[in-house]
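This report covers side-chain packing, ring pairs and salt bridges. Have the model open as you read.

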Amino acid sequence: MSRLLVLAGALSIGHSSAAVAQPRSPAPADNPPVLFENVRIFDGKSAALSGPSHVLVRGNVIERISMAPIDVAAETDVRVVPGSGRVLMPGLIDMHWHAMMVRPTPVALLSSGIGYSTLLAGAEATATLMRGFTTIRDLGGPSFDLKRAIDEGLLPGPRIYPSGAVITITSGHGDFRQLSDLPRTIGGMLARVEQLGGSMIADSPDEVRLRTREQLMQGASQIKLTAGGGVASPFSPLDVSTFTEAELRAAVEAAENWGTYVCTHAYTPAAIQRSIAAGVRCIEHAHLMDEATARLMAEKGIWLSTQPFLDLSAASGLGPAEQAKLAQVVTGTDRIYALAKKYGIKTAFGTDILFSEAQAKRQGAMLAALARWYTPAEALIMATSTNAELLQLSGLRNPYPGKLGIVEEGALADLLLVDGNPLENLDLVADAAKSFLVIVKDGKVYKDTLPK
C-alpha cells in the first residue's frame, strides 16, 4: 500500500508539473455574436478598401463577410455595430515588445518582486490593447503568467507570443549584474535578473542548450538570443559580437527540435552574419547592417524585425552612455529601411519600448513614423498580415492557431473600427483614443465609443 501511495503521489506531481509547463491556448471565445454593418474593409493585404460591407463575428472568428446585408433578425443576442461607412481593419501586431519591462525603470525592475512587476505589466497590457495592438511578440521577460492571465480572461490584454528570458553571455546585452558580482561560478547562485526570468547568462553551447530548453519548457513560442551588443545594458558595447557560432547553433538546434525558431538581437554585420551561419531565422534591429549583409539576408530568406528609431526619446530613462549608443543606432535607421526595400528583405514592424510608460503611449506613433519610407498601405500591411506571417514560424508552438492580421472569413476576430481612413492618413493610428472607436480581440468587444 505504501508503495502504491508513493507511486500515486509521483504520478500526481508529474501530471501537475506538466500541466503548468505546457502553453495554455485560450478556448474559443464564448461571446455574443457581433455584426458590423456598413463598413469598408482594409483586409490587411490589399492597398484598397472594399466597398460597403457587413461582417459577422461569431465566437472568436469572422464567420461571414458580405456586400449584402446579413439577416440576424432571428437572433436576439447579436450585438449590432453601425459602421456608417467607417473602416474596419485587423488588430495591430507589435513584433518586438517587452511586456514586463515597459513601465518600470531598470532599478525598479531588479528591486521589485515578480508579483508587483506582473501587476504593473498587467496594467500596461490593458493599455497596449486599448492602443489597438491586439497581438505582441514578447522578446524578453517573464511574461508567461501574464499571458496566461490574459488568455483566461482575468484582465484585458493582447495576445502574447512569449520568448521567456533573453539568453545572453557574461557581459552581453541583458547582463545587468554589477562588477562586484564577478566572477560568475558555473552552476552557482543566479543573478537577480536571472531569478526574475528577465535574462539568463550562458557561456557555452551546453549552457545555451539548457537555457533554451528551459524557456521552451515554460511555453516559449520562439527563442531570443543577443548576438551582439545593445543599448540598455551597461557593459555591452554595440560593436562586440557575443555568442560563438557553436553557441548560437546549440540554441537553433534545441528550438528546431521543438518545431520553432531563434531570433537574435544584432546590430552589426558580424553579429548578423554569424547568426545566419548558425541557422537563425530572424534578425532583430540590424540598424548598423551593411549592403553585403542585406544581400545575404535576402538570398537566405532571413526575416528582419526592426524599429523606426528616429530620436533619443526611447532612451529618456537611461544614462548618458546608453543614450550615446542609441544615437549611433538612430544614425542607421534610414539606411536599414533603404536596404530592406532595395533587396526585398522580409520586414516586420516592432517598437522595442523599454522602461517608460510615456514612451509606450507612442507605440502607434512609431507605426505612423513608417510613412517616412512606406505608403500608409505598405506600413499597415507590415503591421498586420506581414507580422502575422512571421508569427507562423512558431509552428506547433504557436499559442493561437488560426489566421491573424487579416480580415477574411475564418480568420480570428481581432478587429479595429477606425474613424477615418488610415490608408489615406496613417497618423490616425497614433491617436488610438480618438481614432479606434471599437476594439475587438478574440471576438470580444473591449472598447465601443461609437456615438449612441
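## A buried salt bridge

Arg-159 and Asp-442 are both buried. The model is predicted. The two side chains form a salt bridge, with the closest N and O atoms 2.9 Å apart. Arg-159 sits in strand E8 (residues 159-162), while Asp-442 sits in the loop between strand E17 (436-441) and strand E18 (444-448), so the bridge ties together parts that are 283 residues apart in sequence.

## Other salt bridges

The count of salt bridges comes to 21. One of them joins Asp-206 and Arg-209, at 2.9 Å from N to O. Both residues lie in helix H6 (residues 205-218), 3 residues apart, or about one turn of the helix. Asp-206 is exposed, at 57% relative accessible area.

Glu-291 and Lys-342 also meet in a salt bridge, at 2.3 Å from N to O. This pair links distant parts of the chain: Glu-291 belongs to helix H9 (residues 291-300) and Lys-342 to helix H11, 51 residues apart. Glu-291 is partly exposed at 25% relative accessibility, whereas Lys-342 is exposed at 54%. Elsewhere, salt bridges with shared partners join Arg-103, Glu-124, Arg-131 and Glu-357 into one network.

## Nonpolar cores

The largest nonpolar core holds 64 residues, and Leu-92, Leu-225, Met-289, Met-297, Leu-370 and Leu-380 touch the most other members. Helix H14 (residues 376-391) gives the largest share of this core, 6 residues. A second, separate core has 26 residues, including Trp-97, Ile-160, Val-231 and Leu-326.

What does Met-297 touch, beyond residues up to four places away in sequence? Its contacts are Ile-272, Ile-276, Ile-283, Met-289, Ile-302, Trp-303, Leu-304 and Ile-345.

## A nonpolar surface patch

In soluble globular proteins, nonpolar side chains tend to be buried together. Leu-179, Leu-182 and Phe-235 instead form a nonpolar patch on the surface, with about 270 Å² of accessible area together. Leu-179 lies in the loop between strand E9 (166-168) and helix H5 (192-196). Leu-179 counts as exposed because its relative accessible area is 56%, and the threshold is over 50%.

## Aromatic pairs

There are 3 aromatic pairs in the structure. Tyr-337 and Trp-373 form a stacked one, with 4.3 Å centre to centre and 25 degrees between the planes. The pair links distant parts of the chain, 36 residues apart: Tyr-337 is in helix H11 (residues 333-343), and Trp-373 is in the loop between helix H13 (363-368) and H14.

Tyr-337 is buried at 1% relative accessible area. Trp-373 counts as buried too, at 12%. Ring pairs link Tyr-337, Trp-373 and Tyr-374 into a cluster.

Methods. Residues are numbered from 1 along each chain as its sequence is written. This is a predicted model: local features need pLDDT of at least 70, side-chain atom pairs count only at pLDDT 80 or more; totals for chains, interfaces and linings use all residues. Side-chain values use heavy atoms; hydrogens and water are left out. A nonpolar core is a set of buried Ala, Val, Leu, Ile, Met, Phe, Trp, Tyr and Cys residues joined through side-chain atoms within 4.5 Å. Buried means under 20% relative accessible area, exposed over 50%, partly exposed in between (1.4 Å probe, protein chains only). Helices (H or I, at least four residues) and strands (E, at least two) are DSSP runs, numbered from the N terminus. Contact means heavy atoms within 4.5 Å. Patches are made of residues with over 30% relative accessible area and no salt bridge: like charges are joined within 9 Å, nonpolar side chains (Val, Leu, Ile, Met, Phe, Trp, Tyr) within 5 Å. Accessible areas come from the Shrake-Rupley method with a 1.4 Å probe; for residues, only the protein chains shown count as cover. A salt bridge is a side-chain nitrogen of Lys or Arg within 4 Å of a carboxyl oxygen of Asp or Glu. Rings of Phe, Tyr and Trp (its six-membered ring) pair if their centres lie within 6.5 Å; planes under 30 degrees apart count as stacked, over 60 as edge-to-face and the rest as tilted.
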